[in-house]
Amino acid sequence: MTTLADRRIGRMEFILGLRRRGIADAAVLRAMEEVPREQFVRDEDVALAYADHAMPIACGQTISQPYVVAYMTERLAVEPGHRVLEIGTGSGYQAAVLSRLAASVVTVERYRTLAESAREKFAALGWDNIAVVVGDGLAGVPERGPYDRIMVTAAAETIPRALVEQLAPGGIMVLPLGPHDSAQIIVRLTKAPNGLVRENFIAVRFVPLLPGKAREL
Ligand code: SAH
């Protein structure tokens with residue numbers, strides 16, 4: 001069992017650990033500090049909520065490793081007025097972090113169970129600038145776009161064209177790009193006047209971005 005004091009220490013070490021690993025953006029660190037990660041993991045994992053690990057959640061999916069959440073968020077360069085789209089709600093943790101930095105977040109999940117559970121968490125926190133949509137993230141949510149920033153949190157084997165279209169001019173998309181059965185790389189795409197500018201970053205492992213809404217649940 002962990003006491004509240006233990007958890008507070010855990011949270012301080014959590015932020016220090018992110019800084020040690022090179023996360024330098026003060027707004028990103030503040031957002032990571034603000035989101036109670038213990039509310040986004042399974043009950044049995046609460047004691048490990050601030051360890052730097054990915055963890056299993058419902059529907060065979062995972063909540064990403066905090067370092068990767070912070071790293072991708074930093075690469076996304078979110079500004080306070082931004083409208084952000086996230087693909088792959090999962091636990092809702094990444095969307096919650098983005099919601100502390102942006103004006104609004106639309107997040108898409110193919111499992112209804114995960115979407116509903118994330119919605120409940122945001123409501124409990126009183127955070128009302130996050131809209132959760134059940135659907136196929138590969139198609140994006142064109143009716144709410146264009147978006148200043150798009151983050152994909154499941155591995156894409158190719159650049160999802162519909163998402164590029166929903167990116168505002170000058171907009172930035174960050175995604176894990178590569179094969180489903182091995183490591184992917186974090187890629188940043190900037191929608192410049194002459195086309196997409198691509199930058200490659202660290203190697204990661206994400207669950208696959210799958211087409212269509214999930215059949216079960
Ligand atoms: N961002 C999440 C981690 C998500 S894991 C978090 O912070 O917890 C990736 C999620 O993407 C899974 O929940 C999976 O169901 C979802 N996913 C995969 N393909 C999808 C698609 N085409 N559309 C929407 N969600 C998708």
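**Salt bridges, ligand site and backbone geometry**

Glu 38 and Arg 11 form a salt bridge, with 4.0 Å between the closest N and O atoms. A salt bridge is taken here as a side-chain nitrogen of Lys or Arg within 4 Å of a carboxyl oxygen of Asp or Glu. Glu 38 lies in the loop between helix H2 (26–34) and strand E1 (55–56), and Arg 11 in helix H1 (residues 4–20), so the pair ties together parts that are 27 residues apart in sequence. Helices (H or I, at least four residues) and strands (E, at least two) are DSSP runs, numbered from the N terminus. By this rule, seven salt bridges are counted.

The model is predicted: local features need pLDDT of at least 70, side-chain atom pairs count only at pLDDT 80 or more, and totals for chains, interfaces and linings use all residues. Residues are numbered from 1 along each chain as its sequence is written, and side-chain values use heavy atoms, with hydrogens and water left out.

The ligand is surrounded by 27 residues (a heavy atom within 4 Å). Glu 86, Ser 91, Glu 109, Gly 137 and Leu 210 are the closest. By class, the shell holds eleven nonpolar, twelve polar and four charged residues; Gly counts as polar, while Ala, Val, Leu, Ile, Met, Phe, Trp, Tyr, Cys and Pro count as nonpolar and Asp, Glu, Lys and Arg as charged.

Polar contacts are pairs of N or O atoms within 3.5 Å. A ligand nitrogen lies 3.0 Å from a side-chain N or O atom of Thr 153. A ligand oxygen is 3.0 Å from a backbone N or O atom of Gln 94. For Leu 210, a backbone N or O atom lies 2.6 Å from a ligand nitrogen. Alone, the ligand exposes 590 Å², and the protein buries 99% of that (Shrake-Rupley method, 1.4 Å probe). Strand E2 (62–63), helix H4 (93–99) and strand E4 (104–109) each give two or more residues to the shell.

Two backbone features were also noted. Gly 145 and Pro 146 are joined by a cis peptide bond, with omega about 0°. Pro 146 is placed in the loop between strand E5 (130–134) and strand E6 (147–152). Cys 59, not a glycine, has a positive phi of about 65°. Cys 59 lies in the loop between E1 and E2.

How values were computed
Polar contact = N/O pair within 3.5 Å; in protein donor to acceptor, adjacent residues only side chain to side chain.
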